[in-house]
Amino acid sequence: MTIVVTGATGNLGRLVIDALLERGAAASEIIAPVRSPEKATDLATPGVLVREADYRKPATLAGAFAGADKLLLISSSAVGQRVDQHRNVIDAAKTAGIGLITYTSMLRAQSSPMALAVEHKTTEQLIERSGLPFVFLRNGWYLENYTENLGPAMKTNVIFGSAGNGRVAGAARADYAAAAAAVLLEDGHENRTYELGGDEPFTLAELAAEVSRQSGTHIAYQDLPPVEYTKLLVDAGVPEAKAEMLTDSDLNTALGHLDTSSRDLSRLIGRPTTPLADVVAAALNA
């Protein structure tokens, strides 16, 4: 069985390949389509099949997928351009005779009011209409969304946001990668949707308290009105469209849209999800 992992040089894609290998997949049965093969020499070393492909260039995709049985479509990072790029991948998967397409979607994609959910919702619909067997992995927030950006908080002693007391069922990126590997290697997941999130939801105030505990420096959470939070992000150099998206995400966090009581993630990976404390520790010790 040969598996395609798109976005293989991205943070999640690399972890999925690692998880597949750890679960016994042969490197020679993993295809890694990448835009720049010269940047993926580390993937080629253990025998992973690196092929040149680009979501934006349909002509490159079907050939890159040739001979594969299953495909993991890791959602594009190009917010606003995802639907066209994903459509190209789906069409190429059909042309290549792929037997299963697994897509990294977003928590409750079909009903979520979050701005980020729109393209995920549309992509799921495209996959369903394609007629290909599918698995939707509706990933919640990555813990690394917070822990990889602690530098400003450590300088100002404040984590800013507009999430109020909303809880985030976040999980480590490696947990989501392990779930993807599980559904790609196991039978019985066809045409199923999984709502994925961490076992222990937290507020941003609790995140700040955990960073304080581990760093020995008091870090506070300061909740801002959305206009002020957006301005703070823009003043810090975040492009306005992304700043508005981040504010929208926080506002929806306050309303509970990044929380879930589902335990699909821990069931798929066969263990509890990685605690927030562990991911904070990794970030502070990096």
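In helix α11, the buried residues are Ala-243, Met-245, Thr-247, Ser-249, Asp-250, Asn-252 and Thr-253. The model is predicted. The cover over these buried positions includes β7 (158-161), α9 and α10 (226-235). Helix α11 contains 15 residues. From first C-alpha to last it spans 21 Å, close to the 21 Å expected at 1.5 Å a residue.

Asn-252 sits within α11, which covers residues 240-254. Its relative accessibility is 6%, so Asn-252 counts as buried, the limit being under 20%. Setting aside neighbours within four places in sequence, Asn-252 contacts Pro-113, Met-114, His-257 and Leu-258.

Helix α5 (117-130) was examined in the same terms. α5 has 14 residues. Its end-to-end C-alpha distance is 20 Å, close to the 20 Å expected at 1.5 Å a residue. Buried residues in α5 are Ala-117, Glu-119, His-120, Thr-123, Glu-124, Leu-126, Ile-127 and Ser-130. An α-helix has 3.6 residues a turn, so residues three or four places apart point the same way. Elements covering the buried residues of α5 include β4 (70-73), α4 (82-95), β5 and β6 (134-139). Gly-131 follows α5, and its phi is positive, near 85°.

Positive phi values also occur at non-glycine positions. Arg-108 has a phi of about 50°. Arg-108 belongs to the loop that runs between β5 (100-106) and α5. With a relative accessible area of 24%, Arg-108 is partly exposed. Asn-191 has a positive phi of about 60°, again without being a glycine. The loop that holds Asn-191 lies between α8 (173-185) and β8 (192-196).

Ile-219 is a loop residue, placed between α9 (204-215) and β9 (220-223). At 3% relative accessibility, Ile-219 counts as buried. Beyond neighbours within four places in sequence, its contacts are Ala-153, Met-154, Asn-157, Val-158, Ile-159, Ala-208, Val-211 and Ser-212. The C-alpha atom of Ile-219 lies 21 Å from that of Leu-251. These two residues are 32 residues apart along the chain.

The model has three aromatic pairs. One of them joins Tyr-142 and Tyr-176 in a tilted arrangement, at 5.1 Å centre to centre and with 45° between the planes. The pair links distant parts of the chain, 34 residues apart. Tyr-142 is in the loop between β6 and α6 (144-147), whereas Tyr-176 is in helix α8. Tyr-142 has a relative accessibility of 19% and thus counts as buried, because the limit is under 20%. Tyr-176 is also buried, with a relative accessible area of 2%.

Tyr-146 and Phe-202 form an aromatic pair with edge-to-face geometry. Their ring centres are 6.0 Å apart, and the planes stand at 80°. Tyr-146 lies in helix α6 and Phe-202 in the loop between β8 and α9, so this pair ties together parts that are 56 residues apart in sequence. Both Tyr-146 and Phe-202 are buried.

Empty space was examined last. Rolling a probe the size of a water molecule over the atoms shows where empty space is left. The second largest pocket holds about 150 Å³ of space. It is lined by 13 residues. Those closest to its centre are Glu-200, Thr-273, Thr-274, Pro-275 and Leu-276. By class, the lining comprises seven nonpolar, four polar and two charged residues.

Methods
Residues are numbered from 1 along each chain as its sequence is written. This is a predicted model: local features need pLDDT of at least 70, side-chain atom pairs count only at pLDDT 80 or more; totals for chains, interfaces and linings use all residues. Side-chain values use heavy atoms; hydrogens and water are left out. On a 1 Å grid over the protein atoms alone, a cavity is a set of points where a 1.4 Å probe fits but cannot get out, and a pocket is an open set with protein on both sides within 12 Å along at least five of seven lines; lining residues have an atom within 4 Å of a point. Grid points are joined across faces, edges and corners, and a volume is the space filled by probe spheres set on the points. Ala, Val, Leu, Ile, Met, Phe, Trp, Tyr, Cys and Pro count as nonpolar, Asp, Glu, Lys and Arg as charged, and the others, Gly among them, as polar. Helices (H or I, at least four residues) and strands (E, at least two) are DSSP runs, numbered from the N terminus. Buried means under 20% relative accessible area, exposed over 50%, partly exposed in between (1.4 Å probe, protein chains only). The expected span of a helix is 1.5 Å times one less than its number of residues. Contact means heavy atoms within 4.5 Å. Rings of Phe, Tyr and Trp (its six-membered ring) pair if their centres lie within 6.5 Å; planes under 30 degrees apart count as stacked, over 60 as edge-to-face and the rest as tilted.
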